[in-house]
Amino acid sequence: MSSCQFRILGPLEVHSVSGEIRIPPGRQEIVLAALVLNFGRVLDSSYLVDLIWAQGPPETARAQVQTCVSNLRKALSDTDATIETQGRGYRLNIAPGATDVGEFRRLVAVARAAAQERNKAQAVKVLRQAAELWRGPCMAMVPSDLLSRAAVQLDEERIEALEMCLGFELELGGHNRVVGELRQLITEYPLRERLHVFLMKALHHSGRQAEALEAYRQVRELFAEELGLDPGKELRDLEAAILADERSLPEAVETEQSAVQAPPAEDGAPTPATAGEPVIVPRQLPAGVSDFVGDATLIDQIKTVVIQTQRAQLGPVLFLGSAGVGKSTMAVHIAHRLAAEYFPDGQLYCDMHGGSGAAAEPGHVLGRFLRALGLPGQAIPEALDERVELYRSMLAGRRLLVVLDDARDEAQIRQLIPGDGQCVVLVTSNRRMTALPGAHRFDLQPLALDKGIELLGRVIGEPRVSAEVDTARALVQLVGGLPLALRIIAARLAARPHWSLLSMARRLEDEHRRLDELAHGELSIRASLALSYQGLAPGDRRTLVLLAAASGAELPSWVGAALTDDHGPEPSEPLEPLIDMRLVEIGALEPSGDFRLVLPQTVQIFAADQMNTEVSLADRDAAIRRLLGAWISLAEYAHRQVYGGMYTIVRGEAEQWHLPSAYISRQLKDPVGWLEKEHVNLARAVDLAAEIGFSEASWQLCTLLVTLFEARGCPDLWDSTHRTALQAVNADGNQRGQAAVLRSLGSLHLRRGEYEAATPYISAALELFQGMEDATGSALCQRDQALAYRYRNENEKALELYRQAEQNFVVADDAIGEAHVLSEAAYILMQRSDYTSARSYLNKALGISRSAGFDRGEAMALRRIGQLNVAQREFEDARRPLSEALAMVRASGDLVGETYLLMDLGRVDAELGRAESAMQYFTQSITIRDRIRDHRGAEAARREATERLGQQWLRNSVLDDQIR
C-alpha cells in the first residue's frame, strides 16, 4: 500500500504515490475534511450529520453518512489510510505527518524552540516553511458552516505564526523586506493591532517616518469607525516615539523628563540616584475605559481598601472572577482613579498571560520593570534573586502602584510584590489566589440587569436602548450580564447603526452560534474562555467537557467524581481546579456543608464545542453512564430510607456508581426532601439516559422518582419523565422497562381519578410481567387493578385482586407491598361491615410497617384504623389514630397524604358537631390541593364541606373570597 497525504490548508486535496485521489464534492468532501481535521479521534455519526445538514437532516441522514464513509474507504483502499468504525462513530487512522495541518503545527513548535534558544534566524526560516504549506483559506470550498468555524481557528493559527515570524524578522533588522508583506496582511486582517505596530516600526526604521505616521492615522480612523475605540497603548506610544524621532522606539516607558543614569559601580551593581538627578516616573497603565460601568458601592469599597493598604502596609488587592467578568477593566479603572493623588511616583503594569501557555516569568517581568524605572539594560543582574532585591530597593520609600494583570498563581507574582508598604499591588486572576498573606480579595460578579442596560446605552446611545428596552434586557440576560460579552454586543451594534437590538438578540438565540456571534475585532468571548481553558491540566479540561455534557441549571458537587470515576473520600475534589480557574461557579451552600455548582452558559457552550477534541464518544458515554449510575444509587437509597427497603418497586439491571457511604448518609438525611431538591436534575438524568440510548437507566430513574411523586404530588413531572422513558424502552425493546413504565403511568391515572384511562396501561403491564414471571411487577399491577375496581364499586373483583397481589408480594418477599394491600383490602371489608376481619388485616399491616420502619405504611394503616372506627360510629376513638397519622405525614412532607387525613379529621369533627374545627381541616386540605394543582380533588373537597357544614361553610367561603 502507498502512503497518503491529506491537505486541508486550502482546498481539500488527497495525494498518494500514484497521484491525486479525487474526492467528490459535497457530502464525501465534508466527511473526509472533518476526519482529517480530527484524525486519530472518533467522530460521532450524529456530528457528521450536523456538519452536512445544518437545517433539518432527512430521516436517511445516518444511512447517507454510512454510504459516504463506504465510498471514502473505497477511494483510500490502495493507501495506508483507513477509516475505522467505533461504536456510532468513525476514526481516520493515518501515518504521522500525513496531514499538512499536523506538519504546520510541528514546524511552529520547532520555531518556538529555536526562538527560546535565541536562534531567531532559524525560527524565521522554519516559520516561512510552515507558511508555505497554506494554499488559501483553510478547507476552502468545503460546503459546511460548522467546518468553516473550525477553519477560522486554523486561520487564526496561521496569522499568529506569521506575526511571530515578522516580529523576529524586525528584530533581525529586516525592516525593508517586510513592509510589502505587512501591508498585504493588514488588508486581510485590518483590526489586528500587532500588524499595525510592525508596519509602523518597519517604516520608521526604514527612514520612512511620514509613512509611519500616516499608517497610524489610518489605523486610528479605522478603529474609530469600526469599534468606536482608540488604538491601544502600544500604538499610541509608538506614534509618540516616532513624532519624537526616537530610533530605538522604547517598549512602553513614559518619563516626565529624560533621565541621566549614574554609571554602574565597580562591582556591577547600580549606584543609587544622587541628589538632583531626574527620577524616572513610569506611567504604564493601559488606557481606561471611558464608558466604564460598575457597582458604585463596590468601587468605593475597593478604593477605600487600596488607600488603607497603602497606609497600613498590607498585602496585595486581588480582583478575582471568571473570564470576561471585567477584572482587568476594574483594576485599571481603580488605578486611574487613584494614581495622581495616591501614587505620584508612577504606575507599573504587566500582562502576566497567566491563562495562556506563555505565562510571563517573574525574572522577565522584573527586567521590564527595572528598565521602566530607569535602569540601563547592562546594569540589570541575571540572577532572579538579585533582580528581586534591586527592584525592592528601587521602590523603597516611593508611592508607586503595580498592576499585575491575569496572574497564573501566587508563585508567579510573589517576587513582584514590593517590600515597602507605600507601594500597592493590584492583581487580577481567574484563580482563587488564597495563599498570599494579608491580601484583600474582591470576587467580581456579572453586571446586574440595570447596569448591563446602562453599559449598552453608554456605547450605542441611550435613545437606541430606550427604543428597545425589553430587548436590551433580553440581551443582558442572554449573556448572563457578562461585561465582556455586553461590550462585544455593544461594539457590534455601534459599528452597524442599521442593526436593531432585536436582530442582535436573534443572532444570539442559537446556542451553537452564540460564541461566534460574541466576537468583534480582537474582542472575543471564545478567546477569553480559551485562555482559561488552556491553563487547565489535560485531565481538568476533560472534566469540564464531561461536565458540559451532563450539566443542569445547578448540580451537586459530587458529579465531578462520577464523571471522572474518582473514588476519593471527597467527591467534590475533581472540581477544585475548575473552581480555581472560575470556570465553575459555587452555587448554594447546603446544610450538610457541601455545595451546589453552576456552569455558566457561555462556559457550557464553549466546553461542549471541545467535546470531539478532548473526549472520545466511548469515553463520554461511559462517563454519563457512571453519572446515571450514581443518580440511580442515590435514588434507591432514598427509596430504601422511605420504605425500609427496596419494596414495592421493580428492580432494574443498570450498573450503579456508588459515592462514599458517609457522604450519602450526610446528604440524604431527609430522603424525600433530597428527591424534591434534586427533582430537576433527576428528570434531566431520565432525559439524558434516553438521549444516549441507555433505556435501562431511564426507566429505573423515572420509576424511582415515584417515591417523590406520591409524597409531594407532581403529576406533570410524573407524566413527562415516564413518557420519555417509555419512548426509550420501546425503541430498545426493553420489556421489563416497558412493563414498569406502563404500570407506573397507570398508577398516575389512578391518582388523577382517571380509572378508565388507567386500565389499558395496567393490563398491558400485567401481561408483560406475568410473561416474565416477575412476582413484584405482577403484584403491583394487581394492586392497582384492584383500586380501579374498587372505585367502580366492583368490590368482589377488587378483593380477589388484592388477595392475588398479597400472594405475589409474599413470593417476592416484599413485606411493605403485603402491608399495603392488607390495608386496602381492609377498606373493602369494612364497607361490607366485616369489621373483625378488617381490624385483623389492619393490625397485621400496622405491625409489618412498624417492623420495617416504613412510616408511610404505618400512617396508611393508622388512617384505615381511624376510618374503621368511623364506620363503627366510634368518632372519638377515630381521632387518635387519624391525628397520629397526620403528624407522621406532616413530618415526612407527604402533602398528598396530608390532604386525605385532613379530610378524614374534618368528617370526624363534623359528625361530632365541632363545626369550627371541621371547617379548619377542610380549608387546609383544599389549600394544599390547590397548591399541588390537584384542582379536581379541591373541588370535590369543597362540595363535601358544603354538604357536611351547609350554610356555615358557604358563609365562610364568601368571607374568604372577600378577604382575598
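**Strands, nonpolar cores and cysteines in the predicted model**

An open sheet is formed by three strands, arranged in the order S1-S2-S3 with antiparallel pairing. Strand S1 (4–7) and strand S3 (19–20) are the edge strands, each of them pairing on one side only. Strand S2 (residues 13–16) is joined to S3 by two bridges, and these two strands run antiparallel. In this pairing, His15 stands opposite Glu20 of S3. The model in which these features were identified is a predicted one.

Nonpolar packing was examined next. In soluble globular proteins, nonpolar side chains tend to be buried together. In the present model, the largest nonpolar core comprises 140 residues. Within this core, the residues with the most contacts are Leu544, Leu547, Trp558, Leu627 and Leu628. Helix H28 (residues 617–643) supplies the largest share of the core, namely twelve residues. Another core, of 57 residues, lies apart from the largest one. Among the residues of this other core are Cys4, Val36, Ile94 and Ala98.

The cysteines were then considered. The structure holds zero disulfides. For Cys68, the nearest cysteine sulfur is that of Cys4, at a distance of 18 Å, and Cys68 is in no disulfide. A disulfide requires two cysteine sulfur atoms within 2.5 Å. Cys68 has a relative accessibility of 5% and therefore counts as buried, the cut-off being under 20% relative accessible area. Cys350 is likewise in no disulfide; its nearest cysteine sulfur belongs to Cys423 and is 16 Å away. Because its relative accessibility is 1%, Cys350 also counts as buried.

When residues up to four places away in sequence are not counted, Ser695 touches Ala689, Ala728, Val729, Asp732 and Asn734.

Note on methods: Residues numbered from 1 in each chain as written. Predicted model: local features only at pLDDT ≥ 70, side-chain atom pairs only at ≥ 80, totals over all residues. Heavy atoms only, no water. Core = buried A, V, L, I, M, F, W, Y, C linked by side-chain atoms within 4.5 Å. Buried < 20%, exposed > 50% of the residue type's maximum accessible area, 1.4 Å probe, protein only. Helix = DSSP H or I, 4+ residues; strand = E, 2+ residues; numbered from the N terminus. Pairing = 2+ DSSP bridges. Contact = heavy atoms within 4.5 Å.
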